[in-house]
Amino acid sequence: MTDLAVKPLSVIQQTMWLEHRLAPRSAAYNLVLPLRIRARLDVAALSRAVELVAERHELLRTRFLEVEGRPCRVPDDRPLARLELLPQPAGGVAEAAREYVRRPFDLSTGAFRVGLLPVSGTEAVILPVAHHIAGDFMSHWLIVRDLLNAYRDGALPEPSGHYDVFVAEEARIVASPIGERSRAYWSARADGAAAAELPADRPRPALSRRVGASRRARLDPDVAAGLPQAARDAGVTPFALLLGAFTALVRRYTAQDEFLVGVPATNRLGVQMREVAGAFVNPLPIRARFRAGATFRDAAADAGEQLRTGMFHVRYPCGLLGGGAPMFRLAMLMVAADQREPSVPYPAPGEETGPEIEYAGLPVALMDVPSQEGQMDLVIRVEQNSAGIDMVFAYDSDLYDESTIDRFIGQFQRFARAAVTDVDTEVDQTPLTGDDELAALLALGGVWGE
């Protein structure tokens with residue numbers, strides 16, 4: 001294999017490679033943005049568009065191999081992926097789409113595929129799927145944009161940057177005095193604190209299968225409406241206030257005064273990387289600290305300060321901190337809806353398909369096809385959009401039942417409401433149960449007492 005164009009992986013890609021080796025049948029790191037198109041598609045033009053997208057973005061035509069004992073990137077001169085024409089589903093369209101998305105990748109043959117699922121002669125679903133080793137949230141929007149533009153125009157511009165630049169800069173930072181200071185900063189944050197764990201419905205397996213499910217919810221409208229002002233009053237960002245409510249709820253579950261949760265952040269820095277499809281993610285550890293009488297203001301201020309100072313050190317890959325055990329099992333992140341193009345709205349919770357927009361001459365809508373499930377015990381993705389604040393709770397289904405996650409969602413809604421209503425409310429004084437749940441528990445207690 002010495003004649004291959006072998007390239008090194010970034011640190012996050014090394015993590016993805018290891019995750020894939022440990023659970024090769026898992027689809028936990030598959031990313032998708034399913035596009036429902038209510039128009040007659042030119043299959044030949046769409047096939048060419050898939051090839052053009054892979055030609056423009058090197059990681060989409062890259063195989064990930066072990067060469068001389070080391071995982072490496074091996075790009076191909078030509079696209080590895082071709083448009084896959086899927087059979088018309090005998091059952092539901094959504095389930096057929098899920099089956100395609102859940103198909104695991106063999107990274108030795110590539111990390112990108114696109115399926116075309118016919119619904120009728122004038123309607124179909126396009127399923128661009130990439131493994132996280134080749135992309136991130138923003139990358140997938142780039143892929144969707146480029147796919148639609150290439151379908152319309154039959155061409156794409158040359159890439160403005162290259163993932164090789166990012167990998168080389170990461171290595172330079174790690175070996176520099178700046179990297180040493182950043183490593184010391186992250187080590188001080190993580191040392192001595194354990195990863196928070198929620199009580200599970202089943203014992204934790206020795207080796208996770210990385211299988212999961214997800215639940216989608218919308219933050220209560222009045223809480224979402226009051227969040228910006230409440231955050232300003234507390235001197236933090238809206239995300240920091242929600243993160244404070246999350247850590248407060250975890251504290252009530254665990255009774256721990258200190259613990260680690262994660263905030264995946266982008267390290268896609270600089271104009272040159274804006275148009276590059278790649279894995280630009282750095283999972284940052286947040287050390288939650290609670291004292292007697294701590295309020296939501298305290299939790300949000302602590303989270304906000306760690307987020308602010310952490311961004312000064314975001315270029316140092318936290319995956320190098322090591323230590324064996326996971327730094328965190330619970331995570332929360334905010335996705336940037338205002339940076340997407342095309343700005344296709346997500347479906348509302350409970351809806352299969354979102355609102356339709358016109359883009360590249362096509363009527364385009366997003367479908368709700370779950371993905372990225374089972375990466376950790378629980379990951380909450382938060383997105384603010386024109387309809388409100390949507391949240392996806394992706395969890396490890398080997399550990400938790402759906403009913404347990406639904407109960408957690410209700411409790412998070414309650415804690416977010418408490419933080420927005422009065423940020424000086426003490427965390428330990430916020431009830432975990434609502435009046436209806438308390439009445440049910442009391443009634444159950446009455447039966448036991450008879």
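I started with Phe290 and looked up its accessibility: at 8% relative accessibility, Phe290 counts as buried. I noted the cut-offs: buried means under 20% relative accessible area, exposed over 50%, and partly exposed in between, with a 1.4 Å probe and protein chains only.

Before going on, I noted that this is a predicted model, in which local features need pLDDT of at least 70, side-chain atom pairs count only at pLDDT 80 or more, and totals for chains, interfaces and linings use all residues. Residues are numbered from 1 along each chain as its sequence is written, and side-chain values use heavy atoms, with hydrogens and water left out.

**Aromatic pairs**

I wrote down the pairing rule: rings of Phe, Tyr and Trp (its six-membered ring) pair if their centres lie within 6.5 Å, and planes under 30 degrees apart count as stacked, over 60 as edge-to-face and the rest as tilted. By this rule I have 11 aromatic pairs.

I looked at Tyr253 and Phe408, whose planes are at 50° and whose ring centres are 5.6 Å apart, so the pair is tilted. This pair links distant parts of the chain, with Tyr253 in helix α8 and Phe408 in helix α10 (residues 402-421), 155 residues apart. Helices (H or I, at least four residues) and strands (E, at least two) are DSSP runs, numbered from the N terminus. Tyr253 counts as partly exposed at 25% relative accessibility, whereas Phe408 is buried, with a relative accessible area of 2%.

I then returned to Phe290, which forms a stacked pair with Phe259, 6.2 Å centre to centre and 20° between the planes. Phe259 is in strand β10 and Phe290 in the loop between β11 (281-289) and α9 (296-310), so the pair ties together parts 31 residues apart in sequence. Phe259 counts as buried, at 0% relative accessibility.

I also found Phe137, Trp141 and Tyr346 linked by ring pairs into a cluster.

**Charge over rings**

A charge sits over a ring if NZ of Lys or CZ of Arg is within 6 Å of the ring centre and within 35 degrees of the ring normal. I found the charged end of Arg113 over the ring of Tyr100, 5.0 Å from its centre. Arg113 also lies over the face of Phe105, at 4.3 Å from the ring centre.

**Positive phi**

Most residues other than glycine have a negative phi. I noted Glu68, not a glycine, with a positive phi of about 50°. Glu68 lies in the loop between β4 (62-67) and β5 (70-75) and counts as exposed at 72% relative accessibility.

Ala255, also not a glycine, has a positive phi of about 60°. I located Ala255 in the loop between α8 (238-254) and β10 (258-266), and at 59% relative accessibility Ala255 counts as exposed.
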